[in-house]
Amino acid sequence: MILACQNISKSFGETEVLRNINFHIEKNDKCGLIGINGAGKTTLLRVILGEEEADSGNVVVARDVRLGYLSQTQDTELSNTIYGAMQEAKKYILDMEARIRELEQEMEGKTEEELVPILEAYNRLSTQYDRENGYAYESEITGVIAGLGFTKEDYDRPIASLSGGQKMRVALGRLLLSHPDVIILDEPTNHLDMASIQWLEGYLSSYPGAVIVVSHDRYFIDKITNRIIEIDQGVSQVYNGSYSYYSAEKAKRRQAELNAYIKQQAEIAHEEAVITKLKQFNREKSIKRAESREKKLDKIDRLDKPVEIDTDMRLTLTPVCESGEDVLLAEGLAKSYGDNKLFENLGLDIKRGEHIALIGGNGTGKTTILKILARKLSKDAGTVTLGAKVRIGYFDQEHHDLDTSKTIFEEMSDSFPDMNNTRIRNTLAAFLFTGEDVFKRIGDISGGERGRLSLAKLMLSPANFLILDEPTNHLDIPSKEILEDALRDYTGTVLYVSHDRYFINRTATRILELRDSVLTNYVGDYDYFEEKRDELFAVQHPELVSQYSGLTGQYSGVAGRPTGGVSSDSKLSADVSSNSKLSGASSSRLEYEEQKASAAELRKREKAIKRVENAIEKLETEISEIDSQLNDPANGTDAGLLIELSKKKEEAEAKLEDLYTEWESLQ
């Protein structure tokens, strides 16, 4: 154990952000710290680093363990070049190297006796230099620079001339090169393109130390973590596995908690009904039984109902009408900005029901293509033809469709003039705008809030072809999952740009990669794209990658489909589909038989309960009649009759006791 949080609690005013947070980190752990926006993740990191003081609890860090931290608001104002800034992170190596050179010079002209301490120091320092990989520090620096998306031409660029995102990448590189024992990263992928994110995944996965990452990039977390620490409602839960494991396990845990709560509530309600019935029998023994059961009921440790995450959006996407089979055909598209030619002669054919992800490096022209297809931007050349009954709904990542001078309510009412105030308020509430929030000016709300408002407008639009530019930007993980589910269920057509690989994996049926100013087609999800990326790029564009030219005869023009016959992918899909149908039929039959047996058992028990209740009522009447005879003054002198009546009452009460026991057991 190199780091542990023990019962950490933190409040801001009356708001409790963290409550008794407990977890520990081992030497090589790779941990994902997750939770909704505002859950307290960054606060917890600041507590761990000593930048924020906890109200209670302790952070324990093992001796000589160094923590390295990259925050979302990192100080990136460095008066140096990119390469020089990276070198500063290796200053301890450079200092060792300089001292080794000094010791070498000191050896000259020394006697054997004078050489002894110098050689000892030299050997000790050389061993440490070797252990710290000093001989390869320059290649390590160049590797990190390249991995983060910079080129050799960037080495001498002053950091002051870089964009905010580039400065953050420099800060990340410096942190990685400093080799702390625990790397702590807060949203490290925000300023990286896909290639750099993949490089960082490999770097962190093999890093010989611990890593704690806060990120909404689920694919990234899934790739590098072996432990997930979730902050939910201020409380921590630890899951020993990747994000995929966490996602499945959390659903299981929640369902188990909900089932336990529902079961206990049913048992409590049933027990209260039994107590009420026992009191209605209105006999001393039945009332005592009722009181005994009440005492047991009071001692039950009642479970709390699992709390629903109150930040969940409610999003349903339904096309108003169905488009024709051919949704969009683009031919010969070209676009340049001055001397910067983004692409030319691009073609695109989209069919009804397809969910297509358009991916590629930063600056390749993905957003430009979307804007041209959505008729928000003019093209230099080419044609775009929409199919019959196609209605486009466009989501702009910069939210230019929103009037920043209006309030949220005004934006919705002006966009949908036929909608009454109640429906507008209900729609906004579904996207977490409640109460006075709806009267906030759009210019004053956050990027995440603008994204939710744009999604609300999209949900109400009559579109059947959605064109989405980075729809998951600024959304937390639960909101992303809601959007994913809505798109998966959407029967219309979708074309979107996203850097969120997990989102792509869950929603795309086809991927188009924009690389080297050409589009490459991949029929499948993101995992399929990763597997076939270089191979199919070469197949579809042999003129760009000559070393793959020999493969072109094995494939047709459709990515991933061998010419002739049925592809193994198609056969596998058919087999899976067939097995699913058989399995589903078998499962349905089994469920029917179980329900039938359960219903029969219930009817049998209800009959037995009715029989016992009738017997109880009959015995109670009989005992009541015996009591009347025993209390009749006319029988007061008949000793034989009184003895016989007392015996009958005793036998009846014994039977009644057995019936009470049987009734409670049946209940």
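This is a predicted model: local features need pLDDT of at least 70, side-chain atom pairs count only at pLDDT 80 or more; totals for chains, interfaces and linings use all residues.

Six strands make it up, and it is open, with the order S5-S6-S7-S3-S8-S9 and mixed pairing. At the edges sit S5, residues 67–70, and S9, residues 235–239, each of which pairs on one side only. On average, neighbouring strands in this sheet are turned by 15 degrees against each other, if you ignore direction.

S3 covers residues 30–34 and S7 covers residues 210–214; the two are parallel and share 4 bridges. If you want a spot to look at on screen, find Leu33, which stands opposite Val214 of S7.

H9, residues 243–281, lies across S3, S8 and S9. Relative to S9, H9 runs at about 120 degrees.

Now the start of the chain. S1 is residues 3–12, and S2 is residues 15–25. These two run antiparallel, joined by 7 bridges. Leu3 is placed opposite Ile25 of S2. Together S1 and S2 make a hairpin, with 2 residues between the strands. In that turn, Gly13 has a positive phi of about 65 degrees.

S1 has another partner, S4, at residues 56–61. That pairing is antiparallel too, with 5 bridges. Here Cys5 has Val59 in S4 as its bridge partner.

As a reminder on what pairing involves: strands of a sheet are held in pairs by backbone hydrogen bonds, in either the parallel or the antiparallel sense.

Last, the helices. How do H2 and H5 cross? H2 is residues 82–89 and H5 is residues 137–147; their axes come within 10 Å and cross at roughly 125 degrees. An angle between 115 and 145 degrees is neither roughly perpendicular nor roughly antiparallel, so H2 and H5 count as oblique to each other. The crossing of H2 past H5 is right-handed.

Which residues meet there? From H2 we have Ile82, Tyr83, Met86 and Gln87, and from H5 we have Glu138, Ile141, Thr142 and Ile145. By type, the contact of H2 with H5 has 5 nonpolar residues, 2 polar and 1 charged.

That is what I have. I am happy to go back to any part of it.

Methods: Residues are numbered from 1 along each chain as its sequence is written. Side-chain values use heavy atoms; hydrogens and water are left out. Axes are lines fitted to C-alpha atoms, for helices over the stretch in contact, and angles run from 0 to 180 degrees between N-to-C directions. Angles under 35 degrees count as roughly parallel, over 145 as roughly antiparallel, 65 to 115 as roughly perpendicular and the rest as oblique. A crossing is left-handed if the near helix is turned anticlockwise from the far one by less than a right angle, and right-handed if clockwise. Contact means heavy atoms within 4.5 Å. Ala, Val, Leu, Ile, Met, Phe, Trp, Tyr, Cys and Pro count as nonpolar, Asp, Glu, Lys and Arg as charged, and the others, Gly among them, as polar. Two strands pair if DSSP finds at least two bridges between them.
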